[in-house]
Amino acid sequence: MPLVKRLANEHGIDLIWYNVDEPNRLKRAAAMADERGLDKQHQVMLGRGTEDSLWRMLNSRPGNGHGVPKFALLDAGGVLRYGGADLEVVKDAVLDPSHTC
């Protein structure tokens with residue numbers, strides 16, 4: 001998380017922390033978010049687990065696997081520039097606005 005925060009701060013990117021835990025794990029997820037200082041105004045915790053539509057979309061992309069964390073980078077117009085688990089690709093997409101996934 002510190003690397004993601006630093007990347008966002010360096011490039012003026014808004015972060016939204018999207019949690020995909022099952023309902024019985026939400027209290028623990030909220031506690032972890034607090035421990036890591038994640039902004040409560042930018043947290044989404046729906047408790048849908050593997051039924052979550054964003055989770056399904058990111059995991060359907062070739063080579064993404066089913067692990068966490070996943071990163072979704074959207075530009076100012078809402079276009080998905082990257083969706084996956086590779087923070088280095090996120091960095092490339094931030095530095096090159098023409099990058100598409």
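This is a predicted model: local features need pLDDT of at least 70, side-chain atom pairs count only at pLDDT 80 or more; totals for chains, interfaces and linings use all residues.
Residues are numbered from 1 along each chain as its sequence is written, and side-chain values use heavy atoms, with hydrogens and water left out.

Some terms come first. Helices (H or I, at least four residues) and strands (E, at least two) are DSSP runs, numbered from the N terminus. A residue is called buried under 20% relative accessible area, exposed over 50%, and partly exposed in between, with a 1.4 Å probe and protein chains only.

Let us begin with the core. The largest nonpolar core has 12 residues: Val4, Leu7, Trp17, Ala33, Leu38, Phe71, Leu73, Tyr82, Leu87, Val90, Ala93 and Val94. Such a core is a set of buried Ala, Val, Leu, Ile, Met, Phe, Trp, Tyr and Cys residues joined through side-chain atoms within 4.5 Å. At least two of its residues come from each of α1 (2–11), β3 and α4 (87–95). Which element gives the largest share of this core? The answer is α4, with four residues. As a general background, nonpolar side chains in soluble globular proteins tend to be buried together.

We now turn to α4 itself. Its buried residues are Leu87, Val90, Ala93 and Val94. In general, an α-helix has 3.6 residues a turn, so residues three or four places apart point the same way. The cover over the buried residues of α4 includes α1, β3 and β4. Val94, for its part, is in contact (heavy atoms within 4.5 Å) with Leu7, His11, Ile13 and Leu73, leaving aside neighbours within four places in sequence. At the start of α4, a side-chain oxygen of Asp86 comes to within 2.9 Å of the backbone nitrogen of Glu88.

The next helix is α3, residues 53–60, where Trp55, Leu58 and Asn59 are buried. These residues cover an arc of only 95° around the axis, which puts them on the same side of α3. They pack against β3 (71–74) and β4 (80–84). On the face turned away from the buried side, α3 carries the exposed residues Ser53 and Ser60.

What caps the N-terminal end of α3? Asp52 does, with a side-chain oxygen 3.0 Å from the backbone nitrogen of Leu54. Asp52 is placed in the loop between β2 (43–45) and α3. Although buried, Asp52 has no salt bridge, and the nearest side chain of opposite charge, Arg48, is 4.4 Å away. For charge, Lys and Arg count as positive and Asp and Glu as negative, while His and the chain ends are not counted. The side chains of Asp52 and Tyr18 are joined by a polar contact of 2.8 Å. A polar contact is a pair of N or O atoms within 3.5 Å; within protein, one must be able to donate a hydrogen and the other to accept it, and residues adjacent in sequence count only if both atoms are side-chain atoms.

Asn19 sits in strand β1, residues 17–19, and counts as buried at 16% relative accessibility. Its side chain reaches the backbone nitrogen of Asp21 at 2.7 Å. Not counting residues up to four places away in sequence, Asn19 touches Leu26, Ala29, Val44, Met45 and Leu46.

Finally, the charged pairs. A salt bridge is a side-chain nitrogen of Lys or Arg within 4 Å of a carboxyl oxygen of Asp or Glu, and by this rule the count is six.

- Glu35 and Arg28 meet at 3.3 Å, N to O; Glu35 is exposed at 60% relative accessibility, whereas Arg28 is partly exposed at 45%.
- Asp34 and Lys40 meet at 2.8 Å, N to O; Asp34 is partly exposed at 42%, and Lys40 is exposed at 58%.
- Arg56 and Glu51 have their closest N and O atoms 3.0 Å apart; Arg56 is partly exposed at 46%, and Glu51 is exposed at 54%.

Definitions and conventions: The arc is that of the directions from the helix axis to the C-beta atoms.
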